[in-house]
Amino acid sequence: MIGNLIEILKDKKVLILGFGKEGISSYRLIIKHIPACQISVADQNDGLLETINLDIDKRCKLYLGDSYLDNLDEYDLILRSPGIPKKILKDRIDKNKIISQTDLFLKLFADRIIGVTGTKGKSTTASLVKHILSSHFEDVVLVGNIGIPPFDLVENINNKTRIVFELSSHQLQDVTCSPHIAILLNLFEEHLDHYADLNEYHLAKINIAKYQKANDWLILNDDDPIIKEIINKYIPVSQMLSYSLINKINNGAFYDKSGCVKFRQADKENTFNISNRSSLAGDHNLYNMMAALCVSKILEVPDAKITAALNNFTGLRHRMEYLGKFRGIHFYNDSIATIPEATISAIKTLKKVNTLILGGKDRGIDYGDLIAYLPDSGVNNLIFTGEAGNRMMNELKSRGKLKDQKLFFINDYNELPEIIRNNTLPDHVCLLSPAASSYDMFSNFEERGDVFKKIAENL
């Protein structure tokens with residue numbers, strides 16, 4: 001398979017644009033296997049070499065700092081990392097020269113890839129799919145937005161390997177190839193700082209199925225109106241399964257309200273009892289489970305193994321993660337919640353939320369539904385931070401529908417312990433579910449969640 005990659009890149013001048021985890025992964029693979037490729041690196045961080053533990057080949061040119069985009073025209077191909085917004089390359093380089101690790105990987109292994117995308121639930125669903133498939137197949141790997149660059153595992157992939165690929169919109173933006181099985185979970189307002197508009201974001205997501213063939217599969221959320229609208233415009237030629245919490249599906253999965261999920265296809269119906277699940281509470285996780293179930297049925301995993309895996313799956317960190325009971329207060333870390341829909345879902349799932357921490361970097365998304373929901377949510381203490389938190393708090397005040405709720409604004413997470421300690425009721429929940437990006441104060445949502453965990457433990 002690496003031979004195909006060599007054919008694409010050999011004798012080319014390639015610029016790796018963005019030298020984070022994925023950029024470094026691309027560099028290592030190319031240096032090792034494609035010596036005929038002339039490789040260079042461009043990154044906005046002028047102190048890059050001090051932050052990475054990697055010896056750069058002397059033949060490799062480096063373009064660092066504010067002028068890192070000045071030499072694009074010198075290269076045959078621009079290998080864009082997901083963190084580099086494609087819009088900043090507009091009018092700088094022929095778009096046909098822009099490639100990505102994701103697209104190259106799909107071209108190599110599309111026939112054995114299960115791709116997972118959506119605004120929310122990608123990591124949980126991809127991990128759950130991997131968990132179920134691993135109960136039946138010997139060789140299953142999980143790569144992509146979950147934190148494992150696909151090129152890291154190229155050398156270990158063989159003809160029997162099943163690949164679960166979590167795909168962000170940034171990774172999908174450049175692709176010209178789609179996976180054999182594609183899951184489209186949901187589409188909400190997100191990443192407006194990265195795209196020209198919401199439609200461009202949605203079109204990036206639909207690339208997961210845009211290039212599928214007739215023998216491929218698309219699994220989609222039947223309850224998401226945006227997905228339905230987009231699919232009607234860009235109908236793939238692939239086979240389809242859908243899933244729903246609202247309707248009985250004739251070709252896919254649905255929840256029958258009795259603790260069971262049913263799968264129906266070709267006039268046959270199978271029932272899966274998921275009442276023993278311990279880490280997948282809430283309607284949003286029922287959607288994730290039904291999507292994973294559809295994949296498992298396509299790949300003919302035995303029903304007993306599917307049921308067992310759905311019930312014994314352990315949840316991921318930073319996703320409604322229970323941190324423990326400290327000073328009589330239950331702490332939950334939902335730092336991954338960067339949109340209002342995720343925060344509303346967390347409050348509804350956990351129920352006894354008494355203190356809620358909101359805010360972070362403001363990316364201009366609409367908080368109208370969250371602001372309308374909070375007065376009657378039962379949450380008594382609302383702690384806001386960052387530009388997004390400031391906007392939420394002001395919108396909430398302007399609505400004038402608060403019901404004796406206490407509002408706090410903090411400039412630093414170090415201010416949290418005193419507010420939590422003095423205001424949160426015993427045997428109730430303190431929830432971090434910010435509905436905003438972490439990048440104003442933290443390097444990522446994981447760091448934000450880890451800081452919150454230390455605060456809880458130190459109480």
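Select phenylalanine 452 first. Its relative accessible area is 0%, so phenylalanine 452 is buried (under 20% relative accessible area; over 50% is exposed and in between is partly exposed, with a 1.4 Å probe and protein chains only). The model is predicted: local features need pLDDT of at least 70, side-chain atom pairs count only at pLDDT 80 or more, and totals for chains, interfaces and linings use all residues. Residues are numbered from 1 along each chain as its sequence is written, and side-chain values use heavy atoms, with hydrogens and water left out.

At 0% relative accessibility, phenylalanine 331 is buried.

**Ring pairs**

Rings of Phe, Tyr and Trp (its six-membered ring) pair if their centres lie within 6.5 Å; planes under 30 degrees apart are stacked, over 60 edge-to-face, and the rest tilted. The count by this rule is nine aromatic pairs.

Select tyrosine 322 and tyrosine 332. Their ring centres are 4.9 Å apart and their planes sit at 45 degrees, so this pair is tilted. Tyrosine 322 lies in strand β15 (residues 321-326) and tyrosine 332 in strand β16 (residues 329-333), ten residues apart. Helices (H or I, at least four residues) and strands (E, at least two) are DSSP runs, numbered from the N terminus. Is tyrosine 332 buried or exposed? At 18% relative accessibility, tyrosine 332 is buried. Tyrosine 322, at 39%, is partly exposed.

Return to phenylalanine 331 and phenylalanine 452. Their ring centres are 6.0 Å apart with planes at 55 degrees, so this pair is tilted. Phenylalanine 331 is in strand β16, phenylalanine 452 in helix α15 (residues 445-458), and 121 residues separate them.

Next, pick Phe105, Phe109 and Phe165. Ring pairs link these three into a cluster.

**Two helices**

Show helix α5 (residues 122-134) and helix α10 (residues 303-312). They pack at about 135 degrees, with axes 9 Å apart. Axes are lines fitted to C-alpha atoms, for helices over the stretch in contact, and angles run from 0 to 180 degrees between N-to-C directions. That angle makes α5 oblique to α10 (under 35 degrees is roughly parallel, over 145 roughly antiparallel, 65 to 115 roughly perpendicular, and the rest oblique).

Which residues of α5 make the contact? Leu128, His131 and Ile132 do, against Ile306, Ala309, Leu310 and Asn312 of α10. Contact means heavy atoms within 4.5 Å.

**Last stop**

Select serine 25, in helix α2 (residues 21-33). Serine 25 is buried, at 3% relative accessibility. Leaving out residues up to four places away in sequence, serine 25 touches Gln101, Pro149, Phe151 and Asp152.
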